[in-house]
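Thanks, everyone. Let me put the sequence and the model on the screen, and then I'll walk through a few spots.

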Amino acid sequence: SAVEKGNYRHFMQKEIFEQPTVVAQTLRSYVHQANNTVALPQMDFDLSTIRRVTIVACGTSYYAGLVAKYWFEHFARVPVDIDVASEFRYRDPVLEEGGLALFISQSGETADTLAALRHCKAAGQTIGVVVNVPTSSMAREADLLLPTHAGPEIGVASTKAFTCQLAVLAALAAHLAVKKGRMDRAEEQEVVKHLLEAPAALNAALDHDEDIASMAHLIAPARDVLYLGRGPDYPLALEGALKLKEISYIHAEGYASGEMKHGPIALIDEAVPVIVLAPSGPLFEKTVSNMQEVRARGGKIVLISDAEGLLEAGEGCLATIQMPKVHPLIAPLVYAVPVQLLAYHTACVKGTDVDQPRNLAKSVTVE
Ligand code: G6P
């Protein structure tokens with residue numbers, strides 16, 4: 001049956017709002033409810049023998065992979081190599097024994113990612129696939145198939161598939177950590193507990209829809225926008241910039257907060273909004289000093305943080321968006337919501353075609 005927009009103006013908007021439901025749905029198939037441990041599909045290889053993970057993807061799926069790199073390294077202490085598929089397949093990557101090559105794709109059909117998968121398969125890598133379409137080409141060629149249960153995604157700019165990918169990747173990282181002897185049962189249960197907090201936190205983030213809609217009027221006139229983030233939230237800065245470019249046609253760049261002084265700071269003036277993604281925590285102070293560098297140059301900041309962070313650094317910002325206080329593990333899922341909504345509402349203010357942005361395709365099946 002055809003997917004309908006229901007009461008929403010756009011598929012993208014509907015898909016943003018579906019996230020609490022589809023992330024919960026996805027998590028349900030990756031968690032043993034009885035004891036809060038990770039449940040993965042049956043596999044005919046031993047995950048404990050994996051010595052390296054190579055992640056390959058395109059677009060928004062690639063940014064999910066970038067977040068996962070932090071998790072795999074932090075939890076499982078397994079080194080991770082990650083690249084966009086179009087670079088990976090032609091750069092003669094070193095693929096050694098004991099390698100898990102992990103492909104992330106909403107469609108499971110992106111030509112570059114599929115070609116990279118076949119390259120890794122021929123090189124003897126174990127093939128893991130995180131896909132939203134279980135009947136896709138990538139799904140069929142996987143040794144380990146990890147489906148996301150986001151349901152059909154119609155909007156060209158990916159939203160709900162991304163947060164579901166993150167949920168699956170977090171579960172995989174925890175499972176790998178257990179198999180590698182880096183995580184005990186209690187720690188695993190702790191991770192699962194935090195993952196299960198994601199749907200409610202996504203709902204709390206969605207509650208700020210109207211604030212973000214009014215803030216979009218501040219962003220819409222800009223010619224350039226900068227997004228900053230740190231650690232596992234750095235890829236969210238990249239994703240925020242990608243979303244804004246894709247659907248509102250405003251030039252945007254995502255940067256690691258600490259890297260701003262190595263270039264983009266030259267662009268800062270009162271006309272360039274700087275959107276800072278910074279949950280409170282050990283790295284928050286560092287980001288606050290990056291914000292001071294922006295302010296000292298007349299830059300205008302939109303701070304996205306929790307109550308604690310806003311209390312500490314919200315004053316003097318052009319605008320703020322309050323997120324719930326969450327465990328750092330799920331912050332990348334939760335902070336996806338404001339960057340998606342900000343892009344969405346900015347595009348609405350500009351009157352662009354949100355679901356079918358110019359020049360873009362939902363699934364890029366040509367090289
Ligand atoms: C296209 C879409 C993006 C998507 C990317 C990767 O560029 O417009 O939203 O992130 O392809 O697609 P995949 O299906 O492989 O995740």
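First, a term: two strands pair if DSSP finds at least two bridges between them. Helices (H or I, at least four residues) and strands (E, at least two) are DSSP runs, numbered from the N terminus.

Two housekeeping points. Residues are numbered from 1 along each chain as its sequence is written. The model is predicted, so local features need pLDDT of at least 70 and side-chain atom pairs count only at pLDDT 80 or more, while totals for chains, interfaces and linings use all residues.

Start with strand E10, residues 273-277. Strand E8, residues 224-229, runs parallel to E10, with 4 bridges joining them. Leucine 226 has valine 274 as its bridge partner there. E10 also runs parallel to strand E11, residues 300-306, through 5 bridges. Proline 273 sits opposite lysine 300 of E11.

How is E10 covered? Of its 5 residues, 5 are buried. Buried means 20 or more other C-beta atoms within 10 Å of the residue's own; exposed means 12 or fewer, partly exposed is in between, and C-beta atoms are placed from the backbone. Pro273, Ile275 and Leu277 point one way, Val274 and Val276 the other.

E10, helix H12 (residues 284-295) and E11 form a right-handed β-α-β unit. Right-handed means that, with the strands pointing away from the viewer, the path from the first strand over the helix to the second runs clockwise.

Next, helix H5, residues 111-122. Its 12 residues reach 17 Å from first C-alpha to last, close to the 16 Å expected at 1.5 Å a residue. That expected span is 1.5 Å times one less than the number of residues. Asp112, Thr113, Leu114, Ala116, Leu117 and Cys120 are buried in H5. Their cover includes strand E3 and helix H4. Just past H5, glycine 124 has a positive phi of about 85°.

Last stop: alanine 256, in strand E9, residues 251-256. Why is it partly exposed? Because alanine 256 has 17 C-beta neighbours inside 10 Å. Alanine 237 is 19 residues away in sequence, but 7.6 Å away in space, C-alpha to C-alpha.

Notes. Two residues are in contact if their C-beta atoms, placed from the backbone, lie within 7 Å.
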